[in-house]
Amino acid sequence: MGEPITDGIPRQDGAEPYTSNSQGTPPPGYSFPTHKLAKSMQDSSKTPLVLVACGSYSPVTYLHLRMFGYFSPVSDYYQKEGLAPAVHRVRMCELATETSSTWLMVDSWEALQPSYQRTAVVLDHFDEELNGNMGGMILPDGETRKIEILLLAGGDLIESMGRKDVWASEDLHHILGQFGCMVIERTGTDVWEFLLSHDILYEHKDNIHVVKQVIYNDISSTKVRLFVKRKMSIKYLVPDAVMRYIFDNLLYSKKLTRKRDYVSYAFD
């Protein structure tokens with residue numbers, strides 16, 4: 001699926017794993033988007049489900065738009081080269097989804113945090129908003145039901161979960177045990193073969209749902225950034241509104257001077 005939808009980052013020595021009080025803080029003026037989310041369901045035999053797609057989105061592409069659910073762009077402290085400032089990445093996601101989709105939404109909570117937020121904490125944030133503050137989904141009889149939350153990911157993310165220097169075992173148990181994962185399997189890969197070889201993933205295999213990628217699409221944010229830098233056309237790779245935003249704000253046209261420049265916004 002091109003770039004990983006979500007990336008773990010190498011753990012620093014002494015980094016704390018997931019704990020139940022690892023909550024971030026609401027950014028000033030922040031409100032959780034629910035304007036495209038159904039508040040009730042007519043068929044009580046079904047399970048309400050929300051997919052959360054964490055990722056860089058630098059920039060968002062048509063490949064990302066073939067997903068469904070909430071986009072949660074990472075913060076500026078993700079420490080990844082080519083990462084535009086969060087305010088730009090959030091806005092590009094909003095431009096890509098606000099008129100073209102009746103269900104895709106963008107949550108800026110993670111992007112606007114003053115520090116990097118682990119995936120487990122981000123999923124807890126969605127759980128608090130959907131099942132805590134909103135109260136879950138209303139059923140026909142007036143009762144409410146908890147909304148199931150799944151992390152949406154590509155097969156490369158699942159494979160990264162096998163690296164102890166990237167994912168803490170406590171985080172994996174929480175993500176896969178408390179929530180779950182919807183994996184888009186790329187052509188030529190075998191997610192189930194990897195699950196068999198990984199103890200934690202195999203333990204939570206019932207919470208990992210694999211969907212085959214029917215149409216192969218290798219559009220990636222990396223390629224889009226490179227095309228912009230080389231002054232090549234990116235039309236039909238990203239929505240027109242996103243393309244105009246990139247050019248109007250001179251994004252990706254200059255090389256970042258060092259890895260942390262996305263925090264200071266200092267360019268060559």
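The count comes to 5 aromatic pairs, where rings of Phe, Tyr and Trp (its six-membered ring) pair if their centres lie within 6.5 Å, with planes under 30 degrees apart called stacked, over 60 edge-to-face and the rest tilted. One of these pairs is edge-to-face, Phe32 with Phe126, at 5.6 Å centre to centre and 80° between the planes. This pair links distant parts of the chain, since Phe32 is in the segment before strand 1 (49-55) and Phe126 in helix 3 (residues 119-133), 94 residues apart; helices (H or I, at least four residues) and strands (E, at least two) are DSSP runs, numbered from the N terminus. Phe32 and Phe126 are both buried, that is, under 20% relative accessible area, with exposed meaning over 50% and partly exposed in between (1.4 Å probe, protein chains only).

A stacked pair is formed by Tyr57 and Phe71, at 5.0 Å centre to centre and 25° between the planes. Because Tyr57 lies in the loop between strand 1 and helix 1 (62-65) and Phe71 in strand 2 (residues 70-73), the pair ties together parts 14 residues apart in sequence. Ring pairs also link Phe32, Tyr70 and Phe126 into a cluster.

A charge sits over a ring if NZ of Lys or CZ of Arg is within 6 Å of the ring centre and within 35 degrees of the ring normal.

| Charge | Ring | Distance from ring centre |
|---|---|---|
| Lys205 | Tyr202 | 4.4 Å |
| Lys235 | Tyr236 | 5.1 Å |

This is a predicted model, in which local features need pLDDT of at least 70 and side-chain atom pairs count only at pLDDT 80 or more, whereas totals for chains, interfaces and linings use all residues. Residues are numbered from 1 along each chain as its sequence is written, and side-chain values use heavy atoms, with hydrogens and water left out.
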